[in-house]
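Good morning, colleagues. Please look at the sequence and the model on the screen before we go through the strands and the charged side chains.

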Amino acid sequence: QVQLVESGGGLVQAGDSLRLSCVASGRTFSRYAMGWFRQAPGKEREFVAAVTRSGSNTDYTDSVKGRFTISRDNTKNTVYLQMNSLKPGDTAVYYCAAAQDDYSEYGPARPYEYSYWGQGTQVTVSS
């Protein structure tokens, strides 16, 4: 069992930056691929970024490539999402998730590939 707790969300202006953190419980963090998803009001949950168990490979949805960076620190049981050049369209609740397998060279990108989810943190970007 893995428990995930996100933090770092908030209200910012367009062009600003935020860094989300997700701390995982337990001593087997390095066995999980990690991902970030987001859900805006009235929309389905969408994939944002993933990092493989080793941290060597990452994947991003096209709309955040070049602006967001996912990383992990296995010594701190933490995965991060650095978000730069934020846009109003990035407004959503952001969820951290853990998967028991990489599923691909770049990490899992589908919600059903993830076994554990955090409660989410709100990110609001004003124009």
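Predicted model: local features only at pLDDT ≥ 70, side-chain atom pairs only at ≥ 80, totals over all residues.

Which residue in β10 is the bridge partner of Ala97? The partner is Trp117. Residues are numbered from 1 along each chain as its sequence is written, and side-chain values use heavy atoms, with hydrogens and water left out.

Let me begin with β9. Strands here are DSSP runs of E with at least two residues, numbered from the N terminus, and two strands pair if DSSP finds at least two bridges between them.

How many of the eight residues of β9 are buried? Seven of them are, which leaves the strand mostly covered. Buried means under 20% relative accessible area, exposed means over 50%, and partly exposed lies in between, with a 1.4 Å probe and protein chains only.

I turn now to the charged side chains. A salt bridge is counted when a side-chain nitrogen of Lys or Arg lies within 4 Å of a carboxyl oxygen of Asp or Glu. Arg38, Glu46, Arg67 and Asp90 are linked in a network of them.

Consider Arg38, which is buried at a relative accessible area of 5%. Its side chain meets that of Glu46 in a salt bridge, 2.6 Å from N to O, and Glu46 is partly exposed at 32% relative accessibility. Arg38 also forms a salt bridge with Asp90, where the closest N and O atoms are 2.9 Å apart. This pair links distant parts of the chain: Arg38 belongs to strand β4 (residues 33-39), and Asp90 to the loop between β8 (78-83) and β9 (92-99), 52 residues apart.

Asp90 is itself buried, with a relative accessible area of 2%. Its side chain also meets that of Arg67 in a salt bridge, at 2.8 Å from N to O. Because Asp90 lies in the loop between β8 and β9 and Arg67 in the loop between β6 (58-60) and β7 (68-73), the pair ties together parts that are 23 residues apart in sequence. Arg67 counts as buried too, at 11% relative accessibility.

Finally, the open sheet. Four strands make up this sheet in the order β1-β3-β8-β7, with antiparallel pairing. Which strands form its edges? They are β1 (4-7) and β7, each pairing on one side only. Within the sheet, six bridges join β3, residues 18-24, to β8 in an antiparallel arrangement. Cys22 stands opposite Val79 of β8.

Thank you for your attention.
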